[in-house]
Amino acid sequence: MVINEELGVIPQSAGDVLGVLLDDVTCSEVDANRSAARQAQRVVEAVEFARRHPEIYTIDADVQMAERAVVLELSLRLRISQERVRELCSTAETAARDLPLLWQRARDGFASMHSVGAIVTAAGPLASPVGAPREVRDAAAAALARLDRAAHEWVLTCSSAVLRQRAKKLVDRITGDTAARRHARAMADRHVSVSPAGYGMSWLTALLPTHEAVAAMRRLSATAKHTRKDTREGRTRDQIRADLFSAWLRGVGTATAVQTKVFVTVPVQLLAGDPVPVESASIVGGDSIDPLTAKQLFLDARGFRRVITDPVKGVVVDMDRRTYRPTRAQRDWLTLHHGTCSRDGCTRLAVDADLDHDRPWARGGTTDLTQLRPLCPRDPIIRHRTRVRYRTRPDRSVQVISPTGYASSAPPPF
């Protein structure tokens, strides 16, 4: 035994104990990989079964609608997005068909689905076009087999990042790809995205050509440097860069300033300086915001709508059968009430969703607040063209009931 004043009594075999723990971590990873591959395979089998038996989900045996319906049900059962379900299905289908050695590694637990997805993505340029001549298909099959043999060895020792790099290099070598063509493909992927960072903050990121990104950053840095010198203020240079980035994109002080509507709920007690519950101000359908930001948003707004019990007093909100299209007042109220799409499992902001009639307009439904709810554009299509039922609860949230007997559940109150 070894005596240590800080750690106490430590067995001489402590290193062996730690080794056992680390081995168990490795075994757990193998089990998790094997389980993930099996789940992906079952997703493929479920989608294929729905394609072969569209009558389960549809009245008119529409294969495409049956596939949409089973993807929706899988997303609800697995509590992931429909896009993720399709990604899992596509990755497993492609790997089993084009990369059988790699797929066997995944089924044995020695490759994660993340790694398999990276190889499948890299293998895209090797696939032969639909209807290609036999010699083209044979060449594509040989190229995929070469990548498969290499990848099924790499996954045993390489991290996901290294695996992705090696796969890309090998594919470029096989295809004879050039830097110019690779850049052209990357240019086609340029986009802007926003993701929440918590505490009322979000990341706004853009994929741009390097020279443009560097030039934009240099302009931000140069302006931030002079701004800090001129004003002698307490902001750091990073904070000034972030503020300039936001102001320039929103067109602050210009004739083309952004006019986008953002819904923010601000308790009147907060504006009066009275104590309010913690984090009671929030962006509708999004994150909570601090009291100072809430007050500033209220003061900067050109106009505001006070919402008590009748949020649109003096404006018609119940249209009965007079019109199909909801009013702006109705849309605003439903956005405030729901925040997000009303269907279980969906987090799309209500402001970006469509308004759907609980009782279809063609069957006598009315355009009033008790009959309307925000739904993603694809939901009404599934609702009206499949056997999937959309049931509205008393709180106006929407439960999905599948013809297989599955019924979605709403998250508990928070």
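Predicted model: local features only at pLDDT ≥ 70, side-chain atom pairs only at ≥ 80, totals over all residues.

Colleague: Why is R396 called buried?

Modeller: The relative accessibility of R396 is 16%, and buried means under 20%, so R396 counts as buried.

Colleague: And what makes the phi of R396 worth a remark?

Modeller: Phi of R396 is near 75°, a positive value in a residue other than glycine. Most residues other than glycine have a negative phi.

Colleague: Where is A61, and why is A61 called partly exposed?

Modeller: A61 belongs to the loop between α1 and α2, and A61 also has a positive phi, of about 55°, although it is not a glycine. Its relative accessibility is 43%; since buried means under 20% and exposed over 50%, with partly exposed in between, A61 counts as partly exposed.

Colleague: How do you know that the side chains of E67 and R51 form a polar contact?

Modeller: The contact joining the side chains of E67 and R51 is 3.2 Å, and the cut-off asks for N or O atoms within 3.5 Å, so the pair qualifies as a polar contact. E67 lies in helix α2 (residues 63-78), and, leaving aside neighbours within four places in sequence, E67 is in contact with V47, R51 and R86.

Colleague: Which element gives the most to the largest nonpolar core?

Modeller: That core has 53 residues, and W103 is among those with the most contacts inside it; α2 gives the most to this core, with eight residues.

Note on methods
Residues numbered from 1 in each chain as written. Heavy atoms only, no water. Helix = DSSP H or I, 4+ residues; strand = E, 2+ residues; numbered from the N terminus. Polar contact = N/O pair within 3.5 Å; in protein donor to acceptor, adjacent residues only side chain to side chain. Contact = heavy atoms within 4.5 Å. Core = buried A, V, L, I, M, F, W, Y, C linked by side-chain atoms within 4.5 Å. Buried < 20%, exposed > 50% of the residue type's maximum accessible area, 1.4 Å probe, protein only.
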